[in-house]
Amino acid sequence: MMNARAFAQNEHLFHCPICSLTMELLEDARLVCEKHHSFDLSRQGYVNLAPQAHVTKYDKALFEARKTMITNGFFDPLLDRLTALVDEHVQHKQAPTIIDAGSGEGSHLASIVSKLSNPATGVGIDLAKEGVLAAAKDYPGHIWLVADLANCPFQDDAFDVMLNILSPANYAEFTRVLKPDGMFVKVVPENDYLKQLRTIFYEDAERQNEGNPVERMKDYFDNVKTERITYEFPLNQTLLENLIQMTPLSWGASAGKIEAAMKSEIPAVTIDYTIIIGTNE
Ligand SMILES: C[S@@+](CC[C@H](N)C(=O)[O-])C[C@H]1O[C@@H](n2cnc3c(N)ncnc32)[C@H](O)[C@@H]1O
Ligand SMILES: [Zn+2]
């Protein structure tokens with residue numbers, strides 16, 4: 001019910017992922033565009049706007065492990081800083097709109113929106129259905145969508161803030177759906193992120209390198225600034241197992257290496273992020 005209300009109140013934000021025309025939520029709980037492309041609001045309160053099946057390694061077990069880590073405070077220092085940054089930007093705005101592109105199991109967006117000085121509309125999109133399903137169940141009252149961030153199903157200039165946390169980006173789409181002067185906040189892992197696990201999984205291998213995200217952002221945004229956040233997160237055996245389960249780092253590792261990591265008794269891991277902030281032109 002709460003999710004349906006959030007969709008109904010914000011239908012002006014959407015555009016059809018197939019034809020880009022405007023959409024409305026009909027009484028029979030369908031989001032429909034002017035050309036009659038139609039997407040059902042699921043029983044759990046999300047809409048799938050990327051109806052072709054997507055194969056993803058982000059499955060239910062991964063999101064449950066992520067949630068366990070999150071509720072144990074794994075991201076707390078990062079979330080505190082993101083909340084402060086977002087609040088500074090929206091505190092004087094009427095009914096601000098905030099999107100999390102790559103929202104996973106939804107807790108980052110729900111936590112940030114719940115702590116803002118004035119009420120905001122939160123929209124989470126992710127291509128992994130299991131994440132969106134968990135978000136819709138656990139955090140009612142926000143808008144949860146299965147959608148491809150490379151084909152954002154939103155009108156131009158729809159959002160005051162866009163978050164993009166440890167997820168891929170599509171800058172052409174992001175700048176289109178952000179308002180002029182809207183704030184874009186990206187979080188990327190830094191060199192020491194989970195270094196204790198990396199040494200086990202990738203003895204010789206190089207880190208994945210996706211180019212320099214700060215330089216890429218400067219091509220699309222003004223006033224690009226960075227902040228580094230580094231802290232140690234203490235582990236016990238249960239948290240270590242959940243950490244290994246939640247991170248794509250383990251995807252390339254052999255069963256032997258995963259077992260070695262599970263038995264490693266690592267007492268703490270290093271968390272090391274850069275927050276990159278830019279303003280839409
Ligand atoms: C490492 S997870 C981070 C999730 C969440 N932001 C967090 O910090 O817990 C990366 C997320 O990006 C999502 N993702 C990857 N490609 C995507 C795409 N093209 N469109 C939408 N989401 C995508 C994945 O499904 C996954 O949930
Ligand atoms: Zn359409």
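**Exercise 1.** Which residues does T270 touch, not counting residues up to four places away in sequence?

*Solution.* Before we start: this is a predicted model, where local features need pLDDT of at least 70, side-chain atom pairs count only at pLDDT 80 or more, and totals for chains, interfaces and linings use all residues. Residues are numbered from 1 along each chain as its sequence is written, and side-chain values use heavy atoms, with hydrogens and water left out.

Step 1: list what T270 touches, with contact meaning heavy atoms within 4.5 Å: D192, Y193, L194, K195, Q196, T230, Y231 and E232.

Step 2: look at the side chain of T270, which makes polar contacts with the side chains of Q196 (2.9 Å) and E232 (2.9 Å). Such a contact is a pair of N or O atoms within 3.5 Å; within protein, one must be able to donate a hydrogen and the other to accept it, and residues adjacent in sequence count only if both atoms are side-chain atoms.

**Exercise 2.** Work out where the residues of the UniProt "binding site" annotation sit.

*Solution.* Step 1: the unreviewed UniProt entry marks C16, C19, C33 and H37. They span 22 residues in sequence, yet no two of their C-alpha atoms are more than 8.3 Å apart, so they gather at one spot.

Step 1: Leaving aside neighbours within four places in sequence, C33 is in contact with C16, C19, L21, T22 and M23.

Definitions and conventions:
Chains lettered and ligands numbered in written order. UniProt positions renumbered as here; feature names shortened; annotations may be inferred.
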